[in-house]
Amino acid sequence: MFLWTVPVAGCGGVQSALDPAGGDAWDLYRLTIVMTVGATLIFVFVTALLLYAVFAPPERRAWLGTRRTIVYGGLAFPIVVLSLLLPYGLVVMRDTDVPQPGALQIEVTGEQYWWRVRYPAEGDQAEFSTANELIVPIGRPITVSVTAADVIHSFWIPNLGGKIDMIPGRINRFNFTAERPGLYRGICAEFCGAQHARMAFDVMVLEPTEFEVWRQSQAQPAQEPAIPHLARGRDLFRAGGCGSCHMVRGTEANGQFGPDLTHVGSRRTIGAGQFPNNVGTLAGWIANVQQIKPGAKMPSYGSLTGEDLRAMAGYLESLK
Amino acid sequence: MTGRRTAQVCLTLGGLIAWAIQFTIIYGVTSTLCGRGWADTALLGMGAVQITILLATLTALAAAAILLIVSLRQERQQRDHPASATDTFLNESGVLINGLSLVVILWHGVPAVILPACA
């Protein structure tokens, strides 16, 4: 029983290609099962033949060395199997990831070690940027245009489809439709540097009405701090020069280098999917980012007093 | 190596050479046309990538098929007239290699029929 739990432990959950949540992911899942089951059967059969060849009496195993066995078993059989699998795999490749008319356009840029996400303007809806999260409506085709700012990354949401490379100077497109609401996890699937393993993002699949509410709220500028403690945090954010790297729409913070923080408080996680988003983790991140994620472009602000840190983290957390 | 033996070795390896040329043309032309944005250029009603793959595949298939037929003839002649161990090895290898090359050349052409250019 224990041994069985090991291979099936990764079969479900928010980051599993074995728990598909969309049509394209289902096609890939079926392909994987066919390939895996087929390869297992052939492996077991060949291993049995091997053992037979080693241990059976010479007169009984002689047929294994005949020309007919080699031609049919060693040539014809693999050619037939591969000739069937090749078009099957190609047809799945062709039929998944097909651009659909009316798809929601999203642009994602991979950077060391986070995800810049932009929702372009659509109809009356203004454009806006966010980071490390992809919020999509259920049932509507999605086209994600991906590229990279520094090195090659790879965009992969295992529950929703195959992976696609993010290459500097090139735009690749990934198409999918989410068919089950819920939370999923995307990851970088191409080694991109020391913090590659800490480069993830949340994917929330919402009902269309919930998605529209979210999209409209994200397009709004940041709210003014409601209480003096938060206003103090905003002033510290301003005085510390954070706005030269980060944007908070509606304020003078207009940096483009780091993640847009206009609605950072509404995100589920911080640090590209590393920690739950709350005042404590935000304060820890600001003070110790180089200890938590060495090599990230943001320096640690460990010299802030505890009071200042709480105020600044509180301000960021209030940016819903 | 004598001229006869050279021809025999060329016949044995001919299928592999046809496959290598097809492989180089397919990858080289596809990468160049897709990279330059010329993949949609139509020739004879087909995309430039597809027609290149089709022509390269048909030519390589024809070459491998001819080589296979010649190899089979030689192998059959050898049955009637016992040959040296080297001749036997080269003739039987030729049948095997040219036959397999035929299959692999076909496999390399299949994606052009199923997938869009530059997929």
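These legends walk through close-up views of a predicted model, one region at a time.

**View 1. The domains of chain A.** Let us start with the overall division of chain A. Its domain assignment gives domain 1 (2–95), domain 2 (104–211) and domain 3 (228–318). Between domain 1 of chain A and domain 3 of chain A, the C-alpha centres are 50 Å apart. Keep these bounds at hand as you move through the views of chain A.

**View 2. An open sheet running from β3 to β8 in chain A.** Here you can follow 5 strands in the order β3-β2-β1-β5-β8 (chain A), and their pairing is mixed. At the edges stand β3 (128–131) and β8 (172–177) of chain A; each has a single partner strand, so one side of each is left without a neighbour in the sheet. From one strand to the next, the twist averages 25°.

**View 3. The pairing of β1 and β2 in chain A.** Strand β1 (residues 104–111) of chain A and strand β2 (residues 114–119) of chain A run antiparallel and are joined by 5 bridges. For a pair to look for, find A:Gly110, which stands opposite A:Trp115 in β2(A).

**View 4. The pairing of β9 and β10 in chain A.** Strand β9 (residues 182–188) of chain A pairs with strand β10 (residues 200–206) of chain A in the antiparallel sense, over 6 bridges.

**View 5. Two helices side by side in chain B.** Helix α1 (residues 3–36) of chain B and helix α3 (residues 85–114) of chain B have axes that come within 7 Å and cross at roughly 15°. Angles under 35 degrees count as roughly parallel, and that makes α1(B) roughly parallel to α3(B). The crossing of α1(B) past α3(B) is left-handed. Sorted by class, the residues of this contact of α1(B) with α3(B) are 13 nonpolar, 10 polar and no charged.

**View 6. Where chain A meets chain B.** The contact takes 7 residues from chain A and 6 residues from chain B. On the side of chain B that touches chain A there are 6 nonpolar, no polar and no charged residues. Turn next to helix α4 (residues 67–95) of chain A and α3(B): their axes come within 10 Å and cross at roughly 20°. That makes α4(A) roughly parallel to α3(B), and α4(A) passes α3(B) in a right-handed crossing. From α4(A), the residues A:Ile79, A:Leu86, A:Pro87, A:Leu90, A:Val91 and A:Arg94 meet B:Val103, B:Trp107, B:Val110, B:Pro111 and B:Ile114 in α3(B). This contact of α4(A) with α3(B) divides into 10 nonpolar, no polar and 1 charged residue.

Terms used
Residues numbered from 1 in each chain as written. Chains lettered and ligands numbered in written order. Predicted model: local features only at pLDDT ≥ 70, side-chain atom pairs only at ≥ 80, totals over all residues. Domains from an automatic or database assignment. Contact = placed C-beta atoms within 7 Å. Nonpolar A, V, L, I, M, F, W, Y, C, P; charged D, E, K, R; others polar. Pairing = 2+ DSSP bridges. Helix = DSSP H or I, 4+ residues; strand = E, 2+ residues; numbered from the N terminus. Axes fitted to C-alpha atoms, helices over the stretch in contact; angles between N-to-C directions. Parallel < 35°, antiparallel > 145°, perpendicular 65-115°, else oblique. Left-handed = near helix turned anticlockwise from the far one by under 90°.
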